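Subject: A structure for you to look at

Hi there,

Here is the structure I promised to pass on. Have a look at it first, and then read on for what turned up.

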Amino acid sequence: AEDESALYQYANLFKYRNDASTRFIEKTKQTDLLTANTAVARVFRFIYSHAQSDLAEYSLFPHISEPTDADWNTFKELDELYYANAKALILGFIKRDLDKLIRLKKEMIVAGNKAAIAQVSSVLSIVYLDYEQDSLNALAELLYALPEIQPNMNKAVYGFFYDKELVLFHIYWILYDLGAYESSYQYGKAYFALSKETSPELISSADYFLMVMLASQLGLFEEAFAYSDEFLTKAEQGQPSDQLYAILAKVVVLARRNAPGDIEQALKLLSLSKPDIQREDWNAIDEARALAVNAMEAGLQRNVSKAYQLISDLKLLANDPAEPFHSVDTKNLTELERFIAEYNLDSELAAITSLKLVQHEHGKLLNALNNRLDSLGREMQADIELVNVEKMKAQNITQRQAIETANLKTIILLLVITLVATLAAWLFVQRRRTHHLAYTDPLTSAPNRRFMFNLLAKAFAKPRTGNCIALIDIDHFKRVNDTYGHQTGDEVLVACSRVIRSRLRSTDQYCRYGGEEFLLLLKEISVPKAKDIMDDIRLSLSGINKWQSTSANFSVSFSCGLVELSQYNDIDDAIAHCDKLLYTAKNKGRGRTITTSLENDIVVNPLQTV
Ligand SMILES: Nc1nc2c(ncn2[C@@H]2O[C@H](COP(=O)(O)OP(=O)(O)OP(=O)(O)O)[C@@H](O)[C@H]2O)c(=O)[nH]1
């Protein structure tokens, strides 16, 4: 007969499954796992035989085969949660059958068993993470599981049941890997807070290191120092490499805070932690320690090339399979490298500015992602309700087989689509921004010379009859600056650009050509018509006499040279002649347009009150 208390005892063995065979067998002998002929025992024997291949030798049942559907049905009726876990472990880690695992999750959704769904989701997340290298889907599953998964209150079944600490831990690291540092820090905080209560021994040195790096990077120095001090204390009982990283982490916090005396203290910490024995006696750890300490020292002293060299030597050492390093070392080293780069960018204002720009966009992208993620965790209830509605509908029309839980797939798909779309949008914005910066005048938002020359080159490439260019220069602009100040001068330039833009036809183009000069390209137009447009612009501009930066009322005019392109061999000739005509316009009293064919000019509105 099936026995519920046996379940607990079998699950209890999970944590010994990788121990030496004798110890594991000794533990199993304290239960009836090796002798019971029940469905549950068969399932557990199958699970444990995977890690302990000689299990059959000790069992009454020398043939250990995969549980049958009948076994699973019996198991499920006995306890749904244990059933879901056992099956998920087999499908996820022994069979590695992702499709069946997803089907198991759907089965639990149909059953409305939240605890079981959370467990299957957790197993799914690890499968995505470890076997599929798919951290996004892993993240989706973890966030899905998070609201319903329980903290590790019962260490006896640790491992067989996934706990909230583990889920938070994975979210913390995945978000960090995705570059979502702020969210990573938030989940890290939750992970630390919970684990300190339930299982502080499971918080690793790498967890601490990252937490200190994240807090300090986010400027949360109080928290950073708190984590750093805990790390130092904990590292005292740890490996020499733990102690080293604890010191390096503290150095980073000091350097990032950079209060008076911080750098000195950081350098002192570094010099104290250099290996003190003779170089000939160094082992790999000493070597690594010296490299790391010297790299940080060089970084703090702004000797960047030396720092990078040392870090790269260190990475070589850490990647050497012969040496006793963890894989996390490489991750930690990347963090250190990032810190040194960031610290030394200080002197390069330009680089920092552009970096900030990028980070700003990056921030927006991550916000979008974070928002999507926040809502994901709350989807489980919706899924269950949806399935219930579907189930009722299906019962009504006696089509029970048509219960679809496509919603699950939709969530994950949506997440991926959102991410890809925001990434694409971000890249697009970046490209647009670069393009915009390269081709736009920042003051007037008019296209710049470079942009115009591209267009002019094209205008010259085609038969160019009927295309005109006009060069505009604001009259007595220096006086505007001298009388009302540069800010007002700027305002006039912006107004002028705006008027030009509003008066041009859609086929025309213009640019800010120089200080107070604008160059216009007017397509398929006669010289007199083009001149009309210029007069129209001048008239509109003369109507503007109120300014934000001054209470004075005045308006400005401009002089203009205008030519038709077909008369010239290249752009330079055309512009040079245009400039000459502009000069003539200035000499003739300003406020007019001079063309080759038309010498008549109307003074519309010379500068009135300046
Ligand atoms: N406020 C402001 N002034 C600028 C800018 N670019 C150039 N200037 C000023 O524009 C003025 C141009 O003056 P000038 O070329 O001497 O000629 P003008 O005063 O316009 O007189 P005419 O062209 O002879 O009518 C200079 O004083 C420049 O400092 C700008 O972006 N903002």
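A word on names to begin with: helices (H or I, at least four residues) and strands (E, at least two) are DSSP runs, numbered from the N terminus. Residues are numbered from 1 along each chain as its sequence is written. Please keep in mind that this is a predicted model, where local features need pLDDT of at least 70 and side-chain atom pairs count only at pLDDT 80 or more, while totals for chains, interfaces and linings use all residues.

Let's start with two loops. Ser-445 sits in the loop that joins α21 (406-439) to α22 (449-461), and its phi is positive, about 60°, although Ser-445 is not a glycine. Asn-258, in the loop between α14 and α15 (262-272), also has a positive phi, near 55°.

Ser-445 counts as partly exposed because it has 13 C-beta neighbours inside 10 Å. Asn-258 counts as partly exposed too, with 13 such neighbours.

Next, the interior. A nonpolar core here means a set of buried Ala, Val, Leu, Ile, Met, Phe, Trp, Tyr and Cys residues joined through C-beta atoms within 7 Å. The largest one has 106 residues, and Leu-248 and Ala-249 are among those with the most contacts inside it. Helix α14 (residues 240-257) gives the most to this core, 11 residues. Two residues are in contact if their C-beta atoms, placed from the backbone, lie within 7 Å. Beyond its neighbours within four places in sequence, Leu-248 has contacts with Ala-292, Met-296 and Leu-336. Another core, of 41 residues, lies apart from the largest one and includes Cys-496 and Tyr-510.

Helix α13 (residues 221-236) is worth a look as well. Its buried residues are Ala-224, Tyr-227, Ser-228, Phe-231 and Ala-235. They lie on the same side of α13, because they cover an arc of only 105° around the axis (the arc is that of the directions from the helix axis to the C-beta atoms). Glu-222, Thr-233 and Glu-236 are exposed on the other side of α13. What covers the buried residues of α13 includes α12 (205-217) and α14.

Enjoy exploring!

Best wishes

How values were computed: Buried ≥ 20, exposed ≤ 12 C-beta atoms within 10 Å, placed from the backbone.
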